[in-house]
Structures are given as C-alpha cells and as structure tokens.
Amino acid sequence: MLERPGPTGGPARTGGIGLFILRRILQGLLVLVLVSIVVFAATQALPGDPARAILGRGATPASLAALREQLHLNQPVVQQYLTWATGLLHGDAGRSFAAQEPVSKLLGDRIVNTAFLLICSGLISIPLSILIGSYAALWRDRPFDVVTSLVTLVFAALPEFVVGVALVVLFATTVFHFLPAITLIPPGGRPWEQPIAIILPTLTLVLAVTPYVVRIMRASMVEVLESDYVEMARLKGLPERLVLRRHALPNALGPTFQVIAINLAYLAGGVIVVEYIFNYAGIGGALRDAVSNRDLPVVQAIAMIIAGLYVVLNLLADIATILVTPRLRTRL
Amino acid sequence: MADTPIERLGDLTATTLTRRRLLINAGVIAGGVMLAGPLAACGTTSTSTGGSPKRGGNFRLGVTGGGSGDIIDGQKIVTKPDQARLVAGFETLLEYDTNYKLQTTGLAESVTQDAPDKWTIKLKSGITFHNGKTLGADDVIYSLQRISDPKQGLFGTAGLASVDPNNITKVDDRTVRLNLKQADSTIGDQLGQYYNGIVPVGYTRAGEQIGTGAYKVQSFTKGQQSVHVRNTNYWRSGLPYFDTVTVIDFPDVAAQVNALLSGQIDAMTDIPAAQISVVRGHSNLAILEGQGADWRPLCMAIDMPPFDDNNVRQAFRLMVDRNAMLQQVFSGHGRIANDLYSPFDPAFDSSLPQRHQDIAQAKSLLHKAGKDNLVVDLHTTDGAAGMVDSANIFASQAKAAGVTVNVHNDPNYYGDLYLKLAFSVDFWGTRNFLPQVANGSIPTAPYNECHWPPKDSNYLSLYQQALAEPNAGKRADLIHQMQKLEYDQGGYIIPMFNNLVDAYSTKVGGLNNGSKATLNLDSFGHGYRSIYFTA
C-alpha cells in the first residue's frame, strides 16, 4: 500500500506500533493501580471496623483481634493498602476467611474453568457475529437482514438467565433430554475433558454477546459499503470479493473490535449468572459465595482479576483496531 | 452452659444461615433412662421405598447450599452439604429411629444413667475405624473431651455442658463412665445427635478423616463436591450397598432441580414447593417427605409493651388462621401447631386443645386490655424459608381483629436489634423439649426472644427439677406443667411445623417416606447404609 500523507501533508508517525503498545500497557497499569485503590477502599478501608462487620454479632474479642491482625487493620490505611498491593504483585492475594486456605489455591482451578468458558464463547461468537453482521449489511433489507435484525433484537433484549434457563428446558430437562442440565467438573478435572457438559453454558454466553456485535458489525459495514473508497474500488473494476475483503471488511472491523472487547469484558460479569444457572465451578460462583461470606480477600482478588481482564481486552481491541485500519495504522 | 453458646457461634461467621444450621441440628431428649437391647425397628409410621437391593453404583446426591466454608469434621458442620458428608463417615453412640425414638443401634451396646449425675457407656465389640484400628474406650473419651472443649467451637459443647471432661473414666476397654458436674437426664439424647460423632484418639479436622461410618472420604473440594468410597471393613455385615457416594454442592436450587430432571444426580435435598408438581410429572422421580419439626415463631417479648399484658398475647395467638398460613407459606407441606414446640418429644402434651382463629375472642381480649385499634411493628428477615411470608400473612390476618401490623423486613435483623424487639419472627430446628428450653426459654438461653419466663412463675424451678429427674414418667409430668405455662401465658405464636421435602430417582430404594428425621432424605439414608440402587 502506498504511503499516505498525514493531516499536515507529511508522514505523521509518532513512534510506530511498538511505542503505541508500550504506551497503552503503561496506561493499563495505571488504570489497574487506580482500580486497586477503589477496590481496597470499597472493601477494607470503609469507615467502621471491617473485622466487626465480617464477624457480626458473634464477634469475640479474641476473634476480632485475630482478624484485625490478619487484615493488618492495626496499621495505617496507606500501609494496609501497600501491604495488600505488594502481596498481589507477588501473586499472594492473602488467605480466604471462609476456606482458611490461600486465595490462589481456592481460585486457581476456578480461574482456568472460567477462562475456558470465556475463550470458547469468544472463539465462537466473534467470527460468527462478524460473518452474520457482514452478510446482513451486504444483503441489506433482504430477508436474511430482516430476520437477523429481528432475532438479534430479541436476544439482545433477553437477559442471560432467561436464555440459559430456556436452553436447559429445551435441551436438558423438559423438551429434549440429550444435553446435561448442569456442568459437573469433578475436582481436579478440567472442563475440556467433558465438552458435552459445557455446550449449554457456552451457548448461553454466545447468545448473550453475538446480537450486540452483529448489530454493530452490520451498521459499521453498511457505512463502509456506502463510503467513497468502496465506491471507488468498485468503479475501478475490482472484483466484489476483493472489494469486500481488502477495503470494506478491515475498515468495518475497527469499531466492531471495540464492541467485542466491551462485550467480552461484560461476559466476565455475565459469567457469574451463567455459572450460577449451570452450577459451573468458576470464579462467578466463588465471587457470589465470597460476597455472602464477607470473604474480603476473595472479593478483592476476583475484582482485580475482572478489572485486569477489562484492561487486557481493551488493549487488545485497540491494537487490533489499529492493525486492521490502514488510516490509523499509518498515522502512528 | 451459662455463657458460652453465643461466643461459640461467633466462630461460625455472622450469617444468619449459620445460626439456622446450628439450631436446626440441636439436641433432643428421650424418655428412657436405660437404653439397651436389640434394634427396635418396630413402631415406625414411615414406609420404605423401592425394590430389592443391588450392590454397587455411584450414588450422586445434590445438596442445597455449600461454598468455600465447607468442612468435613466428625463433630461439626458449617453448611448443609457438611451434614451429608459427616454422616457418611462418622457414627454416634446412640441413634434415633425413623419414629424419633432413641435406639441402641449405634456404636454403644448400652448407655445407662446409674445415678442422676453418673452415666455408663458400654461399646459394642468388633467395631473398627476406617484405618483398621478397633474402637475402644479411649476413643470415646477423646471424642467427648473434644466435644467439651470450647476452643474447638463444636455444636455438641452446649448440650454436653454437664459433662466434666476431666472426670470421664475408662472402666475397661469397652466401658466408659461419665461423672457429671450436675444432674442431667439428657446425656443419652445428646449422644444420639448426629454431630456428636465418635472419632479416634488424636483426630483433628485438618488430619485424615477417619471414622467408623459406611464410607470413607476419597476426595473433597470445598464448594464443589466430595467422593466417599465404601468402607470394606464396615462393622454392619453386608452393608453398605453403593461403591461410592458423591455429594455435590448446589448454591442454586433451580440448577439442583434441573440436574435431577436430566439424570445428573440421583437425589436432592429441599425441593421448593413450586417444583414438586414438576417432579411428580416424571414417572422415574419421586418426592420424599419427612415429618420435620422446624418452626418459625412470631415472638412476643413478654416484658415489653403491648405484650406485657397477657390478654394481648392471647389475642394475637387467636388472630392466626393456621391452616391458611400453612397453605400459603409451605403449600401445605407441614402440620399446624399449637404455640408449643418439640412435638416429637415423648413428653409433649398433646392433650392441650388446639388453638384456632377466633377473631371475636381476640377483639374482646384486646378490648379488655384497653388496646383497641392496636398498631405494632413486626420485624423479620430472610433468614430461613417462610420467615418473611409468615410475617406478611400474619399482618393481613391481624387486620380482621382491627390490629395494624407494620412488617419490617430488615437484612440486618440479626445485628444489634435481635433479641431486643417486642415483636419479631425467628426460626428454630427440630429438637426435644428440655434442650429447646435451654436454648430459647430461660434467662441463660442464648436466644430467648420472648424474654420468658415471667418473673413470678415457677417455670425455672420446674426446669431444674425436670433436668435432674431420671424417671421418664415423673419428668413428663414436670414438662407438662412447663408446657401448660407456655400455652397459657407464653410469648411464642407457633402456627405450624414444616416438613422436609426432598426428591429422588425411583431407582434408589430403601428411603423411608414420612420418617421423623431431623436431616434430609431420611437422615441421608442413615449414613447411606440403608439405601441402594434397585435391581
């Protein structure tokens, strides 16, 4: 491709993609530090005595003292935060109050399980929604587009738990009986060892994400297809396939990647509901359990994991957008 | 047991559910002084299910609740799945049958009260632990000392408070003598509580899980599942039937029902009333209903206005339409009650007339008390199924008598306000009379919501006499007097007892329907030893 001029006429490079990524990583780290302060403030540093809040009316002086010691509550707040944050940096998220074991041991397998569910959902929903969205735009106002538009609107309006329960009724318990209703992962086992058991949770998440991405992809593709450069490409006689692949798709993907990133990050929250429906042993279940047990170290750790996921996904989306969009790529 | 119970509860975290778990599983007391002799399987009102037993198989049980707080301990539970795990591996000296009678079907050949403050325990011979070690007197002494140690935070500590841990003596290899700090006729009943399991000398929760039960732990992941394998040296010959028992946690009851419907589990605890018809619609599934004696009282503090006037208390008791409330709160799965607890106690006085709704009488009592058009606050919380519903239904029923009841559903109910309210809803599990009194109806009780008894009553002295009375008949007389006092002047409105309703696949046999069990699924098929897959 030819070197395009920047807005001022000359090349507008500011250091290339490498520097851009580095900058974004640093920004992401800054965001994580800010999030960690918020998480800490919202859980441990609230006014009042967290130890008393955790132990409730049955608190004895001895158990209060022990818990304050464990939470480092006798230190100044800044010191407490630094102790906690330093621990996190070393991969030590503390000990779970309820389970009386390290948070990392409690969450290790669950993180793998949840990650697998998210990856499966992402790998299916991303290509699927790009494909459907593109064709809907291409066949604008034709039956495929109309039906897609209707179906995506319906699924976008349905919350995950409705979709999940409906799938269970349809495929597992009432109408048909060929899929397991819940996902039983034996301790030490892995979800990929029994793929049939993760079909329904994955499908639920796919149905939760795909409609949004399809609609964005369609809108963005429609806009691109009407643009001057696509018209130009067509006029100069490029085959339609080449026009779509080389000129339309990359430019339409840019905004879509942003939506995909936000949706995948949203999944990290939506997965809590889905794990609940399917009794799936992931971090969603652990978070719900930790909140009801007031198990602060676990709540803090999961909040940080989800925040980290947001940052990473947004970073990836930005990079992918830059890479697929020639106009942005060349301005770096 | 003066001041320890509340402190002890502190170890169990602050959730109200924890309190429920404790209360649901508390003590009982029985009639007999001498408990000896062969298995008395007669006299049960329940019916056993299923066809002829087949050996083998993996019994998969879904239990409601559970989480990272799960534990396995022969003498303690935190969550409901813990109950299902405890009874697989550990057994008690005495056992309750399906008719709620204490029997010597457990590890003890006999448990005898030699004197008001002396008990003798004689063990059966030939019982071994999972590791092959023979059960002996030292293990019983160790187990009872562990229960008596307040630092362990075990459920049985309060019930065995009269036991002097330093004065338990070994008579011979199979005989133990308890010398009590004070007379206590309820020791035998405490020894039948499922959470007073017998553990070997040196047992710790963190160590190996060794008991005498039908299954030993193979694996356990908190908040998920545990697998228990058959104890091949089990002392009851020919038992158990399953190769393995898998206990699975279900925080969500809808997922639990779905797992049963799709055949991923063989049985589940606590099916919601709305799902019962769904299960009945499947020919390969069935409902098991146990006659529980859990109760959710409306508690009137007898020393706080307006309830310091007994006319008001009696009027409130007459405002309740018990049948309607049972239908609305538990879809009819239970029995109406008569404002008295512990219906399974052999000493329960069933001759007192059943109270029914009588609005005219209630109005006249309120008028007599000068409390026409009364307005009261009723505090409740979502601490156990039915607590909020009971409060709302009571409020609507009270309107007929001209009483305005403002219901406050307070998530922090068990915080500072608890036990200081004039009118509140609470919940209790199944236990017999004297242990219940110790927990809820005397000044030293940890949860005396009604601030019972009145200062001028002889209730306390009757209680002390009953506790020291070894003769079951004489004790029953004393208990009847206490129940009469509560019936006439008490602060509890007890509208009903709810049943334990579970569901199971019909390929599981040996479950007793209608049993008076304090644990779900016929006390988990008596530690999974009496249930099997049918051939």
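## A tour from chain A to chain B

Start with helices α5 and α8 of chain A: the crossing of α5(A) and α8(A) is right-handed, the term for a near helix turned clockwise from the far one by less than a right angle, anticlockwise being left-handed. This is a predicted model, in which local features need pLDDT of at least 70 and side-chain atom pairs count only at pLDDT 80 or more, while totals for chains, interfaces and linings use all residues. Residues are numbered from 1 along each chain as its sequence is written, chains are lettered from A, and ligands are numbered from 1, both in the order in which they are written.

**Select A:103-138 and A:199-225.** These ranges are α5(A) and α8(A). Helices here are DSSP runs of H or I with at least four residues, strands are runs of E with at least two, and both are numbered from the N terminus. The two axes come within 7 Å and cross at roughly 35°. Axes are lines fitted to C-alpha atoms, for helices over the stretch in contact, and angles run from 0 to 180 degrees between N-to-C directions. The contact of α5(A) with α8(A) holds 18 nonpolar, 7 polar and 1 charged residues. Nonpolar covers Ala, Val, Leu, Ile, Met, Phe, Trp, Tyr, Cys and Pro; charged covers Asp, Glu, Lys and Arg; the others, Gly among them, are polar.

A:Ile198 sits in the loop between α7 (160-173) and α8 of chain A. Is A:Ile198 buried or exposed? It counts as buried, because 21 C-beta neighbours lie inside 10 Å. Buried takes 20 or more other C-beta atoms within 10 Å, exposed 12 or fewer, and partly exposed is in between, with C-beta atoms placed from the backbone. Beyond four places in sequence, A:Ile198 touches A:Leu117, A:Cys120, A:Thr183 and A:Pro191; contact means C-beta atoms, placed from the backbone, within 7 Å.

α5(A) and α10(A) pack at about 145° with their axes 10 Å apart, and their crossing is right-handed. To see the contact, show residues including A:Leu118, A:Ser121 and A:Ile126 of α5(A), and A:Thr256, A:Ile260 and A:Leu264 of α10(A). By class, the contact of α5(A) with α10(A) has 10 nonpolar, 5 polar and no charged residues.

**Select A:283-293.** This is helix α11(A), largely enclosed by the rest of the structure because 8 of its 11 residues are buried. Among the buried residues are A:Ile283, A:Leu287, A:Asp289 and A:Asn293. Just after α11(A), A:Arg294 has a positive phi of about 55°.

**Switch to chain B.** Chain B has 16 helices and 25 strands. Its C-alpha atoms fill a box of roughly 70 × 55 × 40 Å along the principal axes, and 56% of its 535 residues count as buried.

**Show the cores.** A nonpolar core is a set of buried Ala, Val, Leu, Ile, Met, Phe, Trp, Tyr and Cys residues joined through C-beta atoms within 7 Å. The largest one has 199 residues, and those with the most contacts inside it are A:Ile302, B:Leu61, B:Ala315, B:Met319 and B:Tyr528. α10(A) gives the most to this core, 19 residues. Apart from it lies another core of 14 residues, including B:Phe433 and B:Leu478.

**Select B:253-261.** In helix α7(B), 7 of the 9 residues are buried, so the helix is largely enclosed by the rest of the structure. B:Gly263 follows α7(B), with a positive phi near 80°.

**Finish with the backbone.** Most residues other than glycine have a negative phi, and most peptide bonds are trans. Which bonds to inspect? The one from B:Pro305 to B:Pro306 is cis, with omega near 0°, and B:Pro306 is in the loop between β16 (298-300) and α9 (310-318) of chain B. The bond from B:Trp452 to B:Pro453 is cis, also with omega near 0°. Last, select helix α16 (residues 520-528) of chain B, where B:Leu521 is found. B:Leu521 has a positive phi of about 50° and is buried, with 27 C-beta neighbours inside 10 Å.

Terms used:
Two residues are in contact if their C-beta atoms, placed from the backbone, lie within 7 Å.
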